[in-house]
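Student: Could we go through this model together, one question at a time? I'd like to see how each answer is reached.
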Amino acid sequence: MTKEEMITWILGIEPAATTDDTGEWLVVQVPVDKWKNFAACIHKGPPALDFLFCLTAVDWKTHLCVVYHLRSSRTDETMVVKVQLDRDKPQIDTVCDIWRTAEFHEREAFEMFGITFHQHPDLRKLILPDDFNGYPMRKDFEDPVNMIKL
């Protein structure tokens, strides 16, 4: 499937999506309220993006963005999906029921950025102690030990 065909397919699934095909991988931005349905559709395909190999977040100071890297194990096609979240109350539906690999990635984004993944089966910290306050990957996080300011 060419990038142009993928864009046509994506916009047929979600007309509110925006696309950028200028890089190596197609980048799609989807509104947060459309994310779960869109995720289920692209998982089924074509091209059946059945492997989530990276999930991370970015703090843009004005908002947070969850970034999903997906690949088809059949066709080797890759897509990046970005979902913008409200920085003050970052919430999004989990996709660990669609891509099992998302479970630990979502827990890490919860721990480091404070993003709540609705319906996640085990949303708790992975690395930091339970009593740790703050979100170390946010740009406004002040580390009293290392005195890092961004």
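Student: How many aromatic pairs does the count come to?
Tutor: Happy to start there, and keep in mind that this is a predicted model. Rings of Phe, Tyr and Trp pair if their centres lie within 6.5 Å. By this rule, the number of aromatic pairs is five.

Student: Are the rings of Trp35 and Trp99 stacked or edge-to-face?
Tutor: Their centres are 6.3 Å apart and the planes meet at 25°. Planes under 30 degrees apart fall in the first class, so the pair of Trp35 and Trp99 is stacked.

Student: How many residues apart in sequence are the parts that this pair of Trp35 and Trp99 ties together?
Tutor: Trp35 belongs to helix α2 (residues 35-44). Trp99 sits in the loop between β6 (91-93) and α3 (102-113), so the parts tied together are 64 residues apart in sequence.

Student: Is Trp99 buried or exposed?
Tutor: Buried means under 20% relative accessible area. Trp99 has 2% relative accessibility, so Trp99 counts as buried.

Student: What about Phe51 and Phe53: is the pair stacked or tilted?
Tutor: The ring centres of Phe51 and Phe53 are 6.0 Å apart, with the planes at 35°. Stacked would need planes under 30 degrees apart, and edge-to-face over 60.

Student: Which residue lies over the face of Phe53?
Tutor: Phe53 is partly exposed, at 24% relative accessible area, and Phe51 is partly exposed too, at 37%. Together with Trp25 they form one aromatic cluster. At 4.4 Å from the ring centre of Phe53, the residue over its face is Arg71.

Student: Which strands stand at the edges of the open sheet?
Tutor: The sheet has five strands in the order β1-β2-β5-β4-β3, with mixed pairing. A strand at the edge has a single partner strand, so one side is left without a neighbour in the sheet. That describes β1 (18-20) and β3.

Student: Which residue in β4 is the bridge partner of Ala57?
Tutor: Strand β3 (residues 51-59) pairs with strand β4 (residues 63-71) in the antiparallel sense over eight bridges. In their hairpin, three residues lie between the strands, and Lys61 takes a positive phi near 70°. Across the pairing, the partner of Ala57 is Val66.

Student: And which residue in β5 stands opposite Cys65?
Tutor: β4 and β5 run antiparallel and are joined by nine bridges. In β5, the residue opposite Cys65 is Gln84.

Student: At about what angle does α3 run to β3?
Tutor: Compare the two helices that lie on these strands. α2 lies across β2, β4 and β5, and its direction is at about 170° to β5. α3 lies across β3 and β4, and its angle to β3 is about 10°.

Definitions and conventions. Residues are numbered from 1 along each chain as its sequence is written. This is a predicted model: local features need pLDDT of at least 70, side-chain atom pairs count only at pLDDT 80 or more; totals for chains, interfaces and linings use all residues. Side-chain values use heavy atoms; hydrogens and water are left out. Two strands pair if DSSP finds at least two bridges between them. Helices (H or I, at least four residues) and strands (E, at least two) are DSSP runs, numbered from the N terminus. Buried means under 20% relative accessible area, exposed over 50%, partly exposed in between (1.4 Å probe, protein chains only). A charge sits over a ring if NZ of Lys or CZ of Arg is within 6 Å of the ring centre and within 35 degrees of the ring normal. Contact means heavy atoms within 4.5 Å. Axes are lines fitted to C-alpha atoms, for helices over the stretch in contact, and angles run from 0 to 180 degrees between N-to-C directions.
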